[in-house]
Amino acid sequence: CIMKKNKILALKYRPQEFKNLIGQEIMVQTITNDIELGKTPNAYLLTGIRGVGKTTTARLIAKALNCLKSSDTKTNCTLKDLCDSCKEIISSNHLDVLEMDAASKTGIDDVRELIENSKYSPTSAKFKIFIIDEVHMLSKQAFNGLLKTLEEPPPSLKFILATTEV
């Protein structure tokens, strides 16, 4: 008996391109303009109620920033022809894109590990990107520990914070 590989519906139908984000056209245009101009901020703060696509958007930003084909204006990653970086981000195993769930890793020790990791340059991508989901769940001590790095990160480090509570 061969077992089929089942995926959660939210993951199976998660948008893999900015154009598939429904109802977020203004935000998508703003972010893509920033990336095209090379004027991206140190951090993005994505807010909204549960299920609006904060984590999905964070992954799309990470893909857009680290896409190997983005430097060549004649080619773009498509779902049929993805670069290695985009494939790794989609499968959640890119060395330079770290996703942390702050709801389960709320302590200062978790943040210290993140800060220590931030000192190293990206291994195979243009940017090292930390996606911190449910950032409002960090303890006060953990958030204070992260603040200095968040305010003055190395040039190759980007933060994408997602929260339901601004």
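**Reading a helix and its surroundings**

Mentor: Let us begin with helix H3, which has 13 residues and reaches 18 Å from its first C-alpha to its last, close to the 18 Å expected at 1.5 Å a residue. Please keep in mind throughout that this is a predicted model.

Trainee: How many of the 13 residues of H3 are buried?

Mentor: H3 is mostly covered, with 12 of its 13 residues buried; among them are Lys-54, Thr-56, Arg-59, Ile-61 and Lys-63. The elements against which these buried residues pack are H2, E1, helix H4 (84-90), strand E2 (97-101), E3 and strand E4 (157-163).

Trainee: Why does Lys-63 count as buried?

Mentor: Buried means under 20% relative accessible area. Lys-63 counts as buried because its relative accessibility is 8%. Leaving aside residues up to four places away in sequence, Lys-63 touches Gln-16, Cys-86, Ile-89 and Ile-90. Arg-112, by contrast, is 49 residues from Lys-63 along the chain, and their C-alpha atoms are separated by 25 Å.

Trainee: Which residues have the most contacts inside the largest nonpolar core?

Mentor: That core has 17 residues, and those with the most contacts inside it are Phe-18, Ile-61, Ala-62, Val-97, Ile-129, Ile-131 and Ile-160. At least two of its residues come from each of helix H2 (25-37), strand E1 (43-47), H3 and strand E3 (128-133), and the largest share, five residues, is supplied by H3. Phe-18 touches Leu-60, Ile-61 and Ala-64, and also Val-28, Ile-31 and Thr-32, when residues up to four places away in sequence are not counted. Apart from this core lies another, of 15 residues, including Phe-130, Val-135, Leu-146 and Leu-150.

Trainee: And how should I read the open spaces?

Mentor: The general idea is that a probe the size of a water molecule, rolled over the atoms, shows where empty space is left. In this structure, the second largest pocket holds about 410 Å³ of space. It is lined by 17 residues, of which Gly-51, Val-52, Gly-53, Lys-54 and Thr-56 are the closest to its centre. Helix H1 (9-12) and H3 are the elements that give two or more residues to this lining.

Trainee: Which element gives the largest share of the lining of the second largest pocket, and what classes of residue does that lining have?

Mentor: H3 gives the largest share, three residues, while the lining by class has seven nonpolar, five polar and five charged residues.

Technical notes
Residues numbered from 1 in each chain as written. Predicted model: local features only at pLDDT ≥ 70, side-chain atom pairs only at ≥ 80, totals over all residues. Heavy atoms only, no water. Buried < 20%, exposed > 50% of the residue type's maximum accessible area, 1.4 Å probe, protein only. Contact = heavy atoms within 4.5 Å. 1 Å grid on protein atoms, 1.4 Å probe; cavity = no way out; pocket = protein on both sides within 12 Å on 5 of 7 lines; lining within 4 Å. Points joined across faces, edges and corners; volume = space filled by probe spheres on them. Helix = DSSP H or I, 4+ residues; strand = E, 2+ residues; numbered from the N terminus. Nonpolar A, V, L, I, M, F, W, Y, C, P; charged D, E, K, R; others polar. Core = buried A, V, L, I, M, F, W, Y, C linked by side-chain atoms within 4.5 Å. Expected span 1.5 Å × (residues − 1).
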